[in-house]
Amino acid sequence: MSSARTATATAATGMALVPPAAFALAAVGQRLLARRKKPARQCSDAEHGKAAEPERRRRRGGRRVLSVGVGAASIGLLVAGASELGAAETTLDPRHPSQTSALVTTGVFDATRNPLYLGLAGLLVAHALWLRSGRALVPAGGFVLAIDQLQIPAEEAALAEKFGRAYRAYCEQVPRWLLR
């Protein structure tokens, strides 16, 4: 989507896509996709292999530990980003990027231009791991795609208009997500 088109859409509605709603929709989609169907018939313990149960429990535990780790890192990223914005006394509200009062380029904003969205995406990945479902990663990808193609361009257009050359230089130095 072009900057002019994004800015026009934002100006017409007064707000861009609401990231918390996109996040919630993705989390609900994950739960729906992760539902497992019950087997057609129940196997007896002998057929099923009762000896395999401890191995399944161990693997499940490893995924849960990974899920908690990814979730904790994501929450840390969210808290650090919100703290940086709070310290700069600028808005956290993604619906009105033009109300930003300061360009924050320190702390986690030195590694990624969007630590809050990266943290939300990380929480969705952690949720998919917790659910033990590869299909639950699809809504996480959808969230990242929607934010990357709809929300972030609207915010970047507003920030470029407000901070001009300083913002463009920041964009050249720091990746939108983590990698260029």
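Colleague: Is tyrosine 167 buried or exposed?
Modeller: This is a predicted model, and in it tyrosine 167 is buried, with a relative accessible area of 5%.
Colleague: And what about tyrosine 170, buried or exposed?
Modeller: Tyrosine 170 counts as buried too, at 6% relative accessibility.
Colleague: Where do tyrosine 167 and tyrosine 170 lie?
Modeller: Both are in helix H6, 3 residues apart, which is about one turn of the helix.
Colleague: OK, new topic. How many aromatic pairs does the structure hold?
Modeller: There are 2 aromatic pairs. In one of them, phenylalanine 23 and phenylalanine 143 have ring centres 6.1 Å apart and planes at 80 degrees, so that pair is edge-to-face.
Colleague: Which parts does the pair tie together?
Modeller: Phenylalanine 23 lies in helix H2 (residues 19–34) and phenylalanine 143 in helix H6, so the pair links parts 120 residues apart in sequence. Phenylalanine 143 is buried at 2% relative accessibility, whereas phenylalanine 23 is partly exposed at 21%. Tyrosine 167 and tyrosine 170 also form an aromatic pair, a tilted one, with 6.2 Å centre to centre and 50 degrees between the planes.
Colleague: Nice. Now, what is aspartate 148 in contact with, leaving aside neighbours within four places in sequence?
Modeller: Aspartate 148 touches Pro153, Arg176 and Trp177. With tryptophan 177 there is a side-chain polar contact of 2.9 Å.
Colleague: Why does aspartate 148 count as buried?
Modeller: Because its relative accessible area is 17%, and the cut-off for buried is under 20%.
Colleague: Last one: what sits over the ring of tryptophan 130?
Modeller: That would be the charged end of arginine 64, 4.0 Å from the ring centre.

Conventions: Residues are numbered from 1 along each chain as its sequence is written. This is a predicted model: local features need pLDDT of at least 70, side-chain atom pairs count only at pLDDT 80 or more; totals for chains, interfaces and linings use all residues. Side-chain values use heavy atoms; hydrogens and water are left out. Buried means under 20% relative accessible area, exposed over 50%, partly exposed in between (1.4 Å probe, protein chains only). A polar contact is a pair of N or O atoms within 3.5 Å; within protein, one must be able to donate a hydrogen and the other to accept it, and residues adjacent in sequence count only if both atoms are side-chain atoms. Contact means heavy atoms within 4.5 Å. Rings of Phe, Tyr and Trp (its six-membered ring) pair if their centres lie within 6.5 Å; planes under 30 degrees apart count as stacked, over 60 as edge-to-face and the rest as tilted. Helices (H or I, at least four residues) and strands (E, at least two) are DSSP runs, numbered from the N terminus. A charge sits over a ring if NZ of Lys or CZ of Arg is within 6 Å of the ring centre and within 35 degrees of the ring normal.
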